[in-house]
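Subject: Structure handover

Hello,

Here is the structure for you to open. My notes on it follow below.

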Amino acid sequence: MEVFYYLVFGVLGLIVAGLELSKNNKDRINTSSAFNSFKNNYVLVYSLMMAGDWLQGPYVYYLYSTYGFGKGEIGQLFIAGFGSSMLFGTIVGSLADKQGRKRACVTYCITYILSCITKHSPQYKVLMVGRVLGGIATSLLFSAFESWLVAEHNKRGFEQQWLSVTFSKAVFFGNGLVAIIAGLFGNLLVHSFSLGPVAPFDAAACFLAIGMAVILSSWAENYGDPSESKDLLTQFRGAAVAIASDEKIALLGAIQSLFEGSMYTFVFLWTPALSPNDEEIPHGFIFATFMLASMLGSSLASRLLSRSSPKVESYMQIVFLVSAASLLLPILMTLFIAPSKVKGGGISFSGCFQLLGFCIFEACVGLFWPSIMKMRSQYIPEEARSTIMNFFRIPLNIFVCIVLYNVNAFPITVMFGMCSIFLFVASLLQRRLMMLVDKPKTNEWTQDKERNTEEDPLNI
């Protein structure tokens, strides 16, 4: 492995360590011992859930290929996963609001464990069922757990600002540290212990089972709208009305879909971007480097969210602009550096620059997760939280399915350019959201001024 990879990983590690160690009282929020216990319990569960997810990710394609399936068949399996998330996500989200978020979290564990079990079969139909189950589980992962947290946090009477502490820690550990460890552990099982590509899925099932035991033993149930008179169709209508009647919720949904759509597209593009001529690149180590960059972003987010200024609506504009610029690097490298025709070898000069740009993008991803969680907790109504959050994922899943279906139809530079445009649009929408949030204060100030002028016309 080239020194360059170690250098990037080491520099990122030092920055993350420096950020964490240099935090002062301004960067921390004073909380109670009861909240800390609650927060640690949630972060533990969230980390176990994410471990179950991260262990599977790097080996899904590899496992299907070892069973003898071609690129087209594997693409259909992936589309089935995103398609089921789109079709069933809103239904399971509504059931979570109505039947209970704790039950939904347990259902996530059971569904994903069953999906892991299907990976033992080389039968295409069985694997397709596993992908459908995995899509349903993904919808629950990104809605039920956050919905349970926000409702339980409010029910226990904790301060609203403390939510950002839980969000930041959950992303720092669950989407950062756990992802790195899961990648290395999966590599150990498959290559060092020679247990085969199905081993990470068995390990994932074990972590999910442990997390489910913690949920069953320590979590209380909470609901969105427990009214028995409301069926699923009524809940869908209520969620749709909430999105249509509140521009802030609609903007938040559009921003989330644009960013996550670009993020999932990046997952498919970074490998061919760094190895256009079949260069030998350490995929596992690069993945770990990306996750370290994501940890850097979540560490920055914890600092920003602990302060009253700048507001999350304000700094996220910059985050989206930076992420848009970082995904323009592959296009710029193609324009200004002649592509190499030599097959194999190590990473190219332009590949090194692109890797640095991709690390910046992953840092923006680390900033995005706790920040979008914070905004969702502020603007999405409690009674239909899971339903609305899964509504947001419908355009996302449609977009990813289209990208997967046409991944070979466009040059890679076109795909990166499209993602960059989406991120730039997200920045514009974020600015609009900030203006809406600040608008009431502006109106209130104007009304006060007019009132004072009427009382004292000379006081101008």
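**Helix α13**

At 1.5 Å a residue, the 15 residues of α13 should span 21 Å, and its end C-alpha atoms are 21 Å apart, which agrees. The expected span of a helix is 1.5 Å times one less than its number of residues. Helices (H or I, at least four residues) and strands (E, at least two) are DSSP runs, numbered from the N terminus.

Before going on, the ground rules. This is a predicted model, where local features need pLDDT of at least 70, side-chain atom pairs count only at pLDDT 80 or more, and totals for chains, interfaces and linings use all residues. Residues are numbered from 1 along each chain as its sequence is written, and side-chain values use heavy atoms, with hydrogens and water left out.

Back to α13. Its buried residues include Val 312, Tyr 315, Met 316, Phe 320 and Ser 323. Buried means under 20% relative accessible area, exposed means over 50%, and partly exposed is in between (1.4 Å probe, protein chains only).

What does Ser 323 touch, not counting residues up to four places away in sequence? The partners are Phe 259, Phe 361, Cys 364 and Leu 423. Contact means heavy atoms within 4.5 Å.

**The whole chain**

The protein chain has 17 helices and 0 strands. With 460 residues, a compact globule would have a radius of gyration near 23 Å; the chain has 23 Å, so the two agree. That radius is taken over C-alpha atoms, and the globule rule is 2.2 Å times the number of residues to the power 0.38. Along the principal axes, the C-alpha atoms fill a box of roughly 80 × 55 × 45 Å.

Of the 460 residues, 54% count as buried. Take the contacts with a separation of 6 or more: residues 24 or more positions apart account for 88% of them. The accessible surface comes to about 20300 Å², and 66% of it belongs to carbon and sulfur atoms. Accessible areas come from the Shrake-Rupley method with a 1.4 Å probe; for residues, only the protein chains shown count as cover.

**The core**

The largest nonpolar core has 143 residues. Such a core is a set of buried Ala, Val, Leu, Ile, Met, Phe, Trp, Tyr and Cys residues joined through side-chain atoms within 4.5 Å. Met 49, Tyr 108, Phe 145, Phe 290, Phe 358 and Ile 388 have the most contacts inside this core. Helix α15 (residues 349–379) gives the most to it, with 14 residues.

Look at Phe 290. Leaving aside neighbours within four places in sequence, Phe 290 is in contact with Phe 266, Trp 270, Leu 355, Phe 358, Cys 359 and Glu 362.

Met 291 lies in helix α12 (residues 283–305). Met 291 counts as buried because its relative accessibility is 6%. Beyond four places in sequence, Met 291 touches Trp 54, Asn 175, Gly 176, Ala 179, Ile 180 and Glu 362. Met 291 and Gly 176 are 115 residues apart in sequence, yet 5.1 Å apart in space, C-alpha to C-alpha.

Ala 239 is in helix α10. Its relative accessibility is 0%, so Ala 239 counts as buried. Leaving aside neighbours within four places, Ala 239 is in contact with Thr 387, Ile 388 and Phe 391.

**Salt bridges**

How many salt bridges are there? The count comes to 8. The rule is a side-chain nitrogen of Lys or Arg within 4 Å of a carboxyl oxygen of Asp or Glu.

Glu 221 and Arg 103 form one of them (3.7 Å, N to O). Glu 221 lies in the loop between α9 (199–218) and α10 (232–245) and Arg 103 in helix α5 (residues 101–118), so the pair ties together parts that are 118 residues apart in sequence. Glu 221 is partly exposed, at 21% relative accessibility. Arg 103 is partly exposed too, at 47%.

Glu 152 and Lys 155 also meet in a salt bridge (3.3 Å, N to O). Both lie in helix α7 (residues 144–155), 3 residues apart, about one turn of the helix. Glu 152 counts as buried, at 3% relative accessibility.

Lys 248 and Asp 246 make another (3.7 Å, N to O). Elsewhere, salt bridges that share partners join Glu 152, Lys 155 and Arg 156 into one network.

Best wishes
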